[in-house]
Amino acid sequence: MRSEAAALPQPAGLERFASAGKGRGLRARRRYAVGELLFSCPAYTAVLTVSERGSHCDGCFARKEGLSKCGRCKQAFYCNVECQKEDWPMHKLECSAMCAFGQNWNPSETVRLTARILAKQKSHPERTQSEKLLAVKEFESHLDKLDNEKRELIQNDIAALHHFYSKHLEYPDNAALVVLFAQVNCNGFTVEDEELSHLGSAIFPDVALMNHSCCPNVIVTYKGTLAEVRAVKEIEPGEEVFTSYIDLLYPTEDRNDRLRDSYFFNCDCRECITKEKDKEKLEIRKLTDPPSAETVRDTIKYARNVIEEFRRAKHYKYILCLTLTLLACELLEICEFSLDKMGAVFEDSNVYMLHMMYQAMGVCLYVQDWEGALRYGQKIIRPYSKHYPSYSLNVASMWLKLGRLYMALENRMAGVKALKRAIAIMEVAHGKDHPYISEIKKELEDH
């Protein structure tokens with residue numbers, strides 16, 4: 001008898017296999033060229049972030065004007081009747097609750113996504129087109145590795161799930177919910193647009209099969225609620241397919257701290273073993289009187305603490321949108337103070353300096369200080385291109401932001417050059433037919 005996994009056609013040229021020391025993994029059965037699509041995966045389920053409602057369709061995540069709102073809650077927006085009907089089995093989980101709670105309806109995205117998984121498992125117990133290689137029920141939970149703080153956060157999410165969802169949801173027992181939330185935390189995806197702005201969260205089971213490397217050979221991009229996996233290096237038959245789970249800007253110790261905290265493992269890729277990029281990522285300012293080793297260590301510690309504060313407030317950009325401009329000015333002052341303090345020891349190309357410049361640039365964009373944002377972006381782009389891998393979405397998004405800033409400030413020549421650099425990376429990472437690329441090319445034509 002065929003297994004449930006074999007009942008669905010596997011992506012051609014790929015196979016699930018036992019990866020030494022890593023558990024399950026994905027392996028190529030044929031050669032893939034740079035820019036070639038390995039496979040695509042529709043979302044098992046997805047949820048649009050609240051701040052993008054009205055500008056993106058709640059169903060397909062398409063960005064467009066003139067969306068139609070849900071006639072009941074008036075808070076969800078759709079391209080057309082078809083999108084609304086298709087999303088209703090999921091939206092009905094929230095629609096009546098949003099009406100009942102009003103402004104007090106505020107479950108986290110993790111809670112919203114988990115509610116949809118429970119509903120999907122009830123309505124579609126069979127394996128879906130998103131699970132050709134890996135089923136949601138096979139997700140690792142790493143339950144035995146959760147510390148008390150993580151367990152408490154999960155219990156808080158379970159409480160919110162019970163509080164905000166009741167009418168259309170059947171709950172398993174608490175132990176099963178703990179496992180499910182742990183699985184979502186380890187296997188959920190953040191969907192982002194071309195400038196890496198947060199659009200929502202989703203579950204892509206087949207994409208979750210891929211293991212991590214800080215030297216990835218593929219990249220994951222999104223076309224609405226469809227995930228696409230493309231090669232960013234040549235992949236030979238028999239070679240494992242690796243993506244990156246984290247931001248690759250930072251030095252080895254920081255990357256592995258993040259991997260241990262979120263995914264419970266250390267990376268043993270070539271870059272983590274050799275640490276060959278760490279020296280230039282942590283470049284110290286060349287001074288007549290060089291800083292002592294202790295001063296360097298203290299400054300690195302300070303930088304890591306500041307970054308962690310920003311990371312803990314990971315939704316600060318969206319919270320910021322709900323606050324006064326005064327708070328934005330205070331955030332900019334914090335960024336500038338940190339840059340001055342670190343700049344006494346670090347070169348501008350040091351990744352901790354770049355991190356703080358990026359935060360400052362984001363604040364400038366929020367308050368529409370285009371010149372200030374451009375100044376920070378100009379300092380960031382060259383070191384980004386050096387520190388990140390080829391075809392990095394971080395580099396592409398920075399060129400894109402710079403191009404749009406140049407255009408806004410009527411420097412067309414620099415704008416065209418920057419936008420073309422963004423397109424060159426995106427044509428490999430997103431594919432030449434991606435709507436984002438069409439939009440950028442139209443921007444070039446319109447200017």
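Predicted model: local features only at pLDDT ≥ 70, side-chain atom pairs only at ≥ 80, totals over all residues.
Leaving aside residues up to four places away in sequence, aspartate 87 touches Asp58, Gly59, Tyr78 and Arg116.

Three strands form an open sheet in the order 3-11-10, with antiparallel pairing. Strand 3 (37-42) and strand 10 (218-223) are the edge strands, each pairing on one side only. From one strand to the next, the twist averages 20°. As a general point, strands of a sheet pair through backbone hydrogen bonds, either parallel or antiparallel.

Strand 11 spans residues 226-231 and is joined to strand 10 by six bridges. Along this antiparallel pair, tyrosine 222 has alanine 227 of strand 11 as its bridge partner, and threonine 221 stands opposite glutamate 228. The hairpin of strand 10 and strand 11 has two residues between the strands, and here glycine 224 takes a positive phi near 70°.

Strand 3 also runs antiparallel to strand 11, and five bridges join the two. Within strand 11, valine 229 stands opposite phenylalanine 39. Five of the six residues of strand 11 are buried, so this strand is largely enclosed by the rest of the structure.

How values were computed: Residues numbered from 1 in each chain as written. Heavy atoms only, no water. Contact = heavy atoms within 4.5 Å. Pairing = 2+ DSSP bridges. Helix = DSSP H or I, 4+ residues; strand = E, 2+ residues; numbered from the N terminus. Axes fitted to C-alpha atoms, helices over the stretch in contact; angles between N-to-C directions. Buried < 20%, exposed > 50% of the residue type's maximum accessible area, 1.4 Å probe, protein only.
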